[in-house]
Amino acid sequence: MPLSKLICNTKPTAPARHERRKDARPGELLAAALDLFVEKGFAATKSEEVARRAGVSKGTLFLYFASKEELFKAVVRENISGRFLEWNAEFDAFEGSTADMLRYCMAMWWARLGSSKVSGITKLMLSEADNFPELAAFYQHEVIQPAHELIRRILQRGVDRGEFAPIDMKYGVYTVLAPMLFLQLLMHSRIACIDAADASPLVPEEFLAVQVQTILDGLRARPASPPTDEGLESL
């Protein structure tokens, strides 16, 4: 067989296993890091543990992430802060009432983040932020501020449309966040957050439905009360 024909008939060889894995390594490292940060906390997680769980060397880890701090930031961006663009786009496209928007917001938060391992990052930051001020500043900028702004936008939409009574937005945001924070702590500190003697387990979806309805009952705009006889006499 002529050499030219042999070359044409030769099938391209599949990439070697180590070449295929090279593209997957950042994702594998981020997944391993998330597991360990949630299991052990930031301080107790060692870079070599992350590398070992991802199946690579410590040197390989540092080819992708310059330090454990940069690895943590990448985990947060991959799983939380990198999604705010999508969530704000959903806000802009939402056509229903603001009450329905708030219900949707809290239900989707639980489905996408709260019920997942990622929610353990919140507990980590609550317990360790004071010891790592650079990471605390990063988390404030990348997660806390955008989250507060999105909730503020939802509440302000309701006020602007006459659906919600005017409120102090600072405290309104924390009112919405409170049940979310509780569920995240419950996910990762179950024994400390519930009464062990209670035979009925807390169902997160039911809990959030009650919480959002309670919030909406407090926020709902009400028609002004007609003046009383006493008020009329003073006119």
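This is a predicted model: local features need pLDDT of at least 70, side-chain atom pairs count only at pLDDT 80 or more; totals for chains, interfaces and linings use all residues.

Reader: Which residue forms a salt bridge with Lys40?

Author: Here is the general idea: side chains of opposite charge can pair when their charged atoms come close. In this model, Lys40 pairs with Glu49, and their closest N and O atoms are 2.5 Å apart. Glu49 has a relative accessible area of 18%, so Glu49 is buried.

Reader: Where in the chain do Asp92 and Arg153 lie?

Author: Let's start with the contact. Asp92 forms a salt bridge with Arg153, with 2.7 Å between the closest N and O atoms. This pair links distant parts of the chain, 61 residues apart: Asp92 is in helix H6 (residues 84–93) and Arg153 is in helix H9 (residues 133–160). Asp92 is exposed at 54% relative accessibility, while Arg153 is partly exposed at 25%.

Reader: How many residues apart are Glu149 and Arg152 in helix H9?

Author: They are 3 residues apart, about one turn of the helix. Glu149 and Arg152 form a salt bridge too, with their closest N and O atoms 3.1 Å apart. Glu149 is partly exposed at 40%, and Arg152 is partly exposed at 29%.

Reader: Which residues do salt bridges with shared partners join into one network?

Author: Glu70, Lys73 and Glu134 are joined in that way.

Reader: And how many salt bridges does the count come to?

Author: The count comes to 14 salt bridges.

Conventions: Residues are numbered from 1 along each chain as its sequence is written. Side-chain values use heavy atoms; hydrogens and water are left out. A salt bridge is a side-chain nitrogen of Lys or Arg within 4 Å of a carboxyl oxygen of Asp or Glu. Buried means under 20% relative accessible area, exposed over 50%, partly exposed in between (1.4 Å probe, protein chains only). Helices (H or I, at least four residues) and strands (E, at least two) are DSSP runs, numbered from the N terminus.
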